[in-house]
Amino acid sequence: MILSCSNISKAFDGKTILDNCSFHIEDHEKAAIVGMNGAGKSTFFKIITGELTPDDGLITVAKDKTVAYLSQHPDFSLNNTIYEEMLTVKKDIIQAETRIRELEHEIKNLTGQELENKLELYSRLTHNFELNNGYAYKSEITGVLKGLGFSEEDFDRKIDTLSGGQKTRVFLSRILLSNPDIILLDEPTNHLDLNSIAWLEVFLSNYKGSVIVISHDRYFLDKIVTKVVEIEDGHCRTYTGNYSDYAVKKEQLRETMLKQYLNYEREVKHQEQVIEKLKSFNREKSIKRAESREKQLDKMTAVEKPKFIDDQMKLKLVPRTVSGNDVLSVKDLSKSFGALELFSGLNFEIKRGEKVGIIGNNGTGKTTILKIINNLISSDSGEIKLGSNVSIGYYDQEHHVLNMEKTVFDEIGDTYPEMTNTEIRNVLAAFLFTGEDVFKYIRDLSGGERGRVSLAKLMLSNANFLILDEPTNHLDITSKEILENAINNYEGTILYVSHDRYFINKTATRILDLVNKKLVNYLGNYDYYLEKKDELTKVYAAADATSADTVNVQKETSENKLSWQQMKEEQAKERKKQNELKKLETRINELETRQAELNEEMANPEISSNVGKLTEITKEMDKITEELDSLYEKWEEYI
C-alpha cells in the first residue's frame, strides 16, 4: 500500500464536506475519485498533498514516496521557455552528465590509486545515469511535449506568453517527466485534443507509479482506472473496476437500497394498520397485542430514504414544428484567417432526426463551422442552405442567452409564459434544479449550472435544429447523463462540437471528423469512428504528399475510392448483418434453454415411465436439434 486515507473529515463554515472517509491506494494502482461538483474531490486532493489540514483522520504516504499534484489552476509565473522548464525537471541528470564528462577528462591524466578511485566513481555515476534514463532524457522531453500537443516550434516559446490551457499542459508535462511515485491529476483532459488524450491514456496506463485522477471524462476513466472512489453526501464508497463497472454496480446498489427502503415502509405501514385495527376492538387482549406490536415496531431498525437524484426521469422534448427531411446542406465551404487556412471545399448534409457530432483537433475550425452556419461570422466561399421549416437553436459556451439578474425559475418562466409552474419545475428538475435551487440568481451560478439552464431553455424553444458548441463543458457526470438522455429523446435534429468521447459515443448517429482541412464522414458512433479512422482518413483526407511514396498511396486510394452511396450501402449491410446475428443468437439461446428443460423432464422418474409423454418430448427434442443444426450453420456464416 502506497497511500492510506483513514477516517478523513473536513467541514467549511459548519458545512460538512467529507465525513469519516477512508480508502487506500496500492503501488502501481490507477484510481479515480468521482462525485458531483462540490462533493469534495479537489478538497481530498489538497488534504493528501498537505495544502489543507483535515479536521479529523490521517493521511499516510509510504516512506520515501513522492507525490505530484496537477490542480485545475496551476501557478505559473516563470520566464523560462517551455523546453527550459522541462530541463529543470531533469536538473539532477544534467548535473550528473556534466560530472561524468569532467571525470572522463580527469581520468586521462591519472594513475595508481587515484585512478582507481575515480574509475569507481565514474562507474557508479554512469550506472545511476543509465538507471535514470539519462541517455534518453532529451528524447523523453520531446516525446512528452509532442504527446501533449506541443510542436517543436513551440519549445522556445516563453511560458509567460502562453494561454491558461497551454500553461496547464506545460505543468502536466513537467509532472509526467518528474516520475513521482504518486500522481494526482485534477481534470487532466481539459485543454487536450483527442490525440493528446489518447496519448495520455497510453502513458498513464503504462506508468510504473500510482495515479489518482479526478475527471468528468468517462471514456478516459474507462481506459485508465481499475478502482473508483465515490464521494456522495460526504461519505466514501470504493468500487473495483473502471467507470463503466462502477456505473453498473452503483445502479445495482441504488436499486437494492430503494428496495430495502420500500420494504421497510411497507412493513411499517402494515404494522401500523394492524395495531390500529387491534385497538379498535377495544378489548383487553387485543390492546395488549397492539402494545406488543408497537414495541416490536419501535425496535425495528429504521431504513432512511436513499438520497439520490432521480436521473431516471425521462425528459421528452418535442419540437413544436417539424422540419423537412433535408435540414442542412453545406457545399464547398472554405475559411481562412489571414495566412492560416482552416478548411476548404467542405461538403456535408444533415437529415431530419440525425444527431451529428463534429470532432477534430484543437484549432482545426470546428466551432468556426458552427458560427458560419449561425451567421455569426462569414465564410470565404461556399453555400449554406437550410431546409423547409428549419428553426435553429444555438448553444454557445459563453451563455449569452441568459439574463444574469433573473432567477433560474424566472429565466424559464419569462421566456415561456404559457408553461405552468409545475411544468417549469419538472423541466428544471430534469436538469438537476430542485427545491430552493430554482430561485437562485443566474449571476450566482457556476459555469456548469449556467450551462444546464441554457440547455433547458434551448431545448424548450421552438427550434427543431439544435446546434451545440461543447455542451458538456463544466458539467459533472450526473449532469452529462441527464443531457445524454435529453438528446437521445429529442425528436428534432442536432449538430454539435464536442471533445467528450463518452458523450459522443452515447448520442451521435453520425460523426464528421475535421482532419487535414477536410471532413470525413462516419456513419456510426465514436467506437465505430475509432474502428474506421485510419482507413477512411487515408481515403478521404490524406495529408499533403511530400514524397513519391505518399503520392503513390494517394493515387492508389483515389482509384479505389468508394462513393458516398457505396459507403452507406456497405455500412447498412453491416448493420443488417449484426441485427440478423443478434436474432440468431437469441433464438439459439431460447432453443438451448428449452432443450435443457426437456432433458430435466426426461430425467424425472414420473415422466420416464410415461411412454406417451416420453414420445412427445422426444419429438420436440428432434425438432429442436434439427433447428439448432440449421441455426449453427447460419451463425458460422455470419462470424
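This is a predicted model: local features need pLDDT of at least 70, side-chain atom pairs count only at pLDDT 80 or more; totals for chains, interfaces and linings use all residues.
To start with the second largest pocket, the space inside comes to about 1300 Å³. Its lining takes in 45 residues, and E187, N190, H191, N473 and H474 are the ones nearest the centre. The largest share comes from α1, with 4 residues. Sorted by class, the lining has 27 polar residues, 11 charged ones and 7 nonpolar ones.

Of these elements, α11 is worth a look of its own. Of its 8 residues, 6 are buried, so α11 is largely enclosed by the rest of the structure. Those buried residues are K366, T368, I369, L370, I372 and I373. After α11 comes N375, which has a positive phi, near 60 degrees.

As for charged pairs, the structure holds 35 salt bridges. One of them joins the side chains of R99 and E106, with 3.1 Å from N to O. Both ends are partly exposed: R99 has a relative accessible area of 26%, and E106 has one of 30%. This pair also belongs to a network of salt bridges that links R99, E102, E106 and K118.

Another salt bridge pairs D154 with R157, their closest N and O atoms lying 3.8 Å apart. Here D154 counts as buried, at 17% relative accessibility, whereas R157 is partly exposed at 30%. K440 and E449 form a salt bridge too, with 3.9 Å between the closest N and O atoms. K440 is partly exposed, at 34% relative accessibility.

How values were computed. Residues are numbered from 1 along each chain as its sequence is written. Side-chain values use heavy atoms; hydrogens and water are left out. On a 1 Å grid over the protein atoms alone, a cavity is a set of points where a 1.4 Å probe fits but cannot get out, and a pocket is an open set with protein on both sides within 12 Å along at least five of seven lines; lining residues have an atom within 4 Å of a point. Grid points are joined across faces, edges and corners, and a volume is the space filled by probe spheres set on the points. Helices (H or I, at least four residues) and strands (E, at least two) are DSSP runs, numbered from the N terminus. Ala, Val, Leu, Ile, Met, Phe, Trp, Tyr, Cys and Pro count as nonpolar, Asp, Glu, Lys and Arg as charged, and the others, Gly among them, as polar. Buried means under 20% relative accessible area, exposed over 50%, partly exposed in between (1.4 Å probe, protein chains only). A salt bridge is a side-chain nitrogen of Lys or Arg within 4 Å of a carboxyl oxygen of Asp or Glu.
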